[in-house]
Amino acid sequence: LSVGLIVLFAAGASYVLARRSGWWSKGLFYVFLIGIVVPGQLGLIPLYKTMVSSGTVGTIWPVILLHTGSCLAFSVFLITTFLRDVPLDYEEAAMIDGASPLRIFFRIVMPLLRPVLGTACILNGIATWNSFFVPLLYLAGTGLETVPVRLYGFVGLHSSQWEVIFAGLIITILPILAAFFFLQRSVMTGFAGGVKG
């Protein structure tokens, strides 16, 4: 769910930032760049207090929201730089045919963004899948722990179940490897296009 929200919000924000020329567009793009540099741990205590007061600690929603917010800046940077190299011809033709901006975005722009969206899905999927601290903070002891947090439970002060840990590590690596091999071409194309921009 986090990866889907990241891709949807980042694609929408990137479309506006790449297609609008103005000082506010460049300014917002640099705000997103600052979001890449600033560590997320700076807002840890206020965010935790907010989640406690809203009563969502112990549910999956704080983890989804925090992963979405923390990965959004890099995804906007990647998709915006890719989209700046995509020509406007198809969008202008659809506009002449009377398509609405929303229809142009979903029917024309999103298919053109498929390579970079695959890259964003893989990179954000790996970051979300491997996340340890946020699920530990919000989900510990609830039965909703993620795989890294659950594997950490097999590490003890005096004894560790290494055979279970290594078997769990192999099992947790398999979905990410399968997704990477399935989307490998679009990942390389999208990442090269995003960096080139």
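Helix axes here are lines fitted to C-alpha atoms, over the stretch in contact, and the angles between them run from 0 to 180 degrees between N-to-C directions. Keep in mind that this is a predicted model.

**Helix H1 against helix H6**
- H1 covers residues 2-19 and H6 covers residues 101-112; their axes come within 12 Å and cross at roughly 100°.
- On the H1 side, the contact is made by Leu8, Ala11, Gly12 and Tyr15.
- H6 brings Ile104, Phe105, Phe106, Val109 and Met110 to the contact.
- Sorted by type, the contact residues come out as 8 nonpolar, 1 polar and no charged.

**Threonine 80**
- You'll find threonine 80 in helix H4, which spans residues 61-83.
- Threonine 80 counts as buried, with a relative accessibility of 0%.
- Its side chain reaches the backbone oxygen of valine 76 at 2.6 Å.
- Setting aside neighbours within four places in sequence, threonine 80 is in contact with Ser14, Leu17, Ala18 and Phe29.

**Cysteines**
- The disulfide count is 0.
- For cysteine 71, the closest cysteine sulfur is that of cysteine 121, 12 Å away and so too far for a bond; the cut-off is 2.5 Å.
- Cysteine 71 is buried at 10% relative accessibility, whereas cysteine 121 is partly exposed at 30% relative accessible area.

Key:
Residues are numbered from 1 along each chain as its sequence is written. This is a predicted model: local features need pLDDT of at least 70, side-chain atom pairs count only at pLDDT 80 or more; totals for chains, interfaces and linings use all residues. Side-chain values use heavy atoms; hydrogens and water are left out. Buried means under 20% relative accessible area, exposed over 50%, partly exposed in between (1.4 Å probe, protein chains only). Helices (H or I, at least four residues) and strands (E, at least two) are DSSP runs, numbered from the N terminus. Contact means heavy atoms within 4.5 Å. Ala, Val, Leu, Ile, Met, Phe, Trp, Tyr, Cys and Pro count as nonpolar, Asp, Glu, Lys and Arg as charged, and the others, Gly among them, as polar. A polar contact is a pair of N or O atoms within 3.5 Å; within protein, one must be able to donate a hydrogen and the other to accept it, and residues adjacent in sequence count only if both atoms are side-chain atoms.
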